[in-house]
Amino acid sequence: MADFGHDLWFGAFLRPDAAGHHRIVRQAVLADELGLDVIGVQDHPYQPSFLDTWTLLSVLAARTERVRLFPDVVNLPLRPPAVLARAAASLDILSGGRVELGLGAGAFWDGVAAMGGPRRDPGDAVEALEEAVAVLRALWTPGEGVRLDGRHYRLEGARPGPFPPHPIGLWIGAYKRRMLELTGRLGDGWVPSSGYAAPDDLGAMTAILDAAAERAGRDPAGIRRVYNIEGRFSGAAGEGFLNGPPAVWAERLAGLVRDHGMSVFVLAVDDDRDLKVFAEEVAPAVREAVARERGRAGRADEDAVAPADRRAATSVPAALDEATRPRLPKRDLAALTPQQRAAGQRLVLIHDHLRRELTQIRDALEQVAAGRSDAAALRSMINELTMRQNYWTLGTFCASYCRLLTTHHTIEDEHMFPMLAAAQGSLAPVVERLEQEHEVIAEVLTGLDAALVAMIEDPDRLDGVRAQVDLLSDVLLSHLRYEEEELVEPISRLGLDI
């Protein structure tokens, strides 16, 4: 359990009282002006004195410019995940990529049932949340209509979209072992509240979460730790973890970063003055204290990194090394009939479409550089492109391509390569290498995503996007050329219908 090096975020947890709606909007605008990073709003749809959380978040998004917004956390039993996916993506688009999604399995079951929702036991609640995560991610992933057959949620051909301009984090509210393990396996973030998980409890909880992440093959550092906190500013330290002057708050929150990897602190606040103290005194002091500790730890690590290692992130991956690609003896394509050659040419036409998409990406990037567009719009466009739909999941091939030219086909993603290997056994090493290169391209696209998200947050980071686009161009063009050199003739000769 240690500091994972995440950027530190500080925010406000605003109580959505309908009677205080003017105060809520005023404080959200104030939080934005003060430079706070996030606003969380609890979600209790059965509470008649509360504003609807999603409606409130939409209004706050319209009244603010940079602060992130999230339901803290959404009451899943009363928010169907398929509709929630559309709503969250829509607000992310409209807000310029400022939405995260807190998810809760459910509580206050009498209230849920009174609103017509399901009354779930703990096991069913955890299972339903896991199914909801699958629904949300499926509907944010470009591709074919989605079919999922769960006990609690089903999709029967729902088409994905709209696609959020940044990767919306799924931050899961969890306290008990099963929920913590689910968060470790599937979550992008963990959202405990100090009223239910005191600082002394965090060590045991994070141990469960981190162990579950490692068993699932995940790096625990990839999970954001979001802590809802409450306390009272006073002249001297008093009882309770966060009762005292700002310096005491800063020291104790910095300790949570160091000891438990917490990196987002969301303060329950009703008073404008407390909001200002938190933003102007506590947050800078915590950042300064953590930066000092990270600086001491990081200098030795940075000295140990060779310049070549730093360049590796934007160099062509070794998996696309021309010297190691399997090659087959070439046959004369001209010896085939025009009808036979047409099958192989379809692959070239599809690849030409992808080459044109690379040109589109470069043109869009130049529009961003010239100030005629923004990074969020560029990322949204890339999500819609064929290449992104084709490579979103690792190792897939053909489905998005084939839609362009032969929409009557219902070929599965892995249909073409097994068909080639079965028809000509000597193609198996080439097919295996191409599948590996699809995974490399997927990683490059993920890197481009990350660079775009960084530029959404900091427009000065354009060079990072340029480097990733250059890398994508090098990798994809090399891959397409290799694929054509090795597959156009066999596809034509064997009469395969792609």
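1. Asparagine 75 stands opposite glycine 104 in strand 5. Strand 4 (residues 74-75) and strand 5 pair in the parallel sense over two bridges, where pairing requires that DSSP finds at least two bridges between two strands. The model is predicted, and its local features need pLDDT of at least 70, side-chain atom pairs count only at pLDDT 80 or more, and totals for chains, interfaces and linings use all residues. Residues are numbered from 1 along each chain as its sequence is written, and side-chain values use heavy atoms, with hydrogens and water left out.

2. Strand 5 (residues 101-104) is covered on both faces, since Leu101 and Leu103 on one side and Gly102 and Gly104 on the other are all buried, buried being under 20% relative accessible area with a 1.4 Å probe and protein chains only. Strands here are DSSP runs of E with at least two residues, and helices are runs of H or I with at least four, numbered from the N terminus.

3. Nine strands form an open sheet with parallel pairing, in the order 3-2-1-13-10-9-8-5-4. Its edge strands are strand 3 (68-71) and strand 4, each of which pairs on one side only. Strand 2 (residues 38-41) runs parallel to strand 3 and is joined to strand 3 by four bridges, and isoleucine 39 stands opposite leucine 69 in strand 3.

4. Valine 488, found in helix 17 (residues 462-494), has a relative accessible area of 8% and is therefore buried. Valine 488 and arginine 346 are 142 residues apart in sequence, yet 8.8 Å apart in space, C-alpha to C-alpha.

5. Glutamate 443 belongs to helix 16 (residues 428-457).

Notes: Buried < 20%, exposed > 50% of the residue type's maximum accessible area, 1.4 Å probe, protein only.
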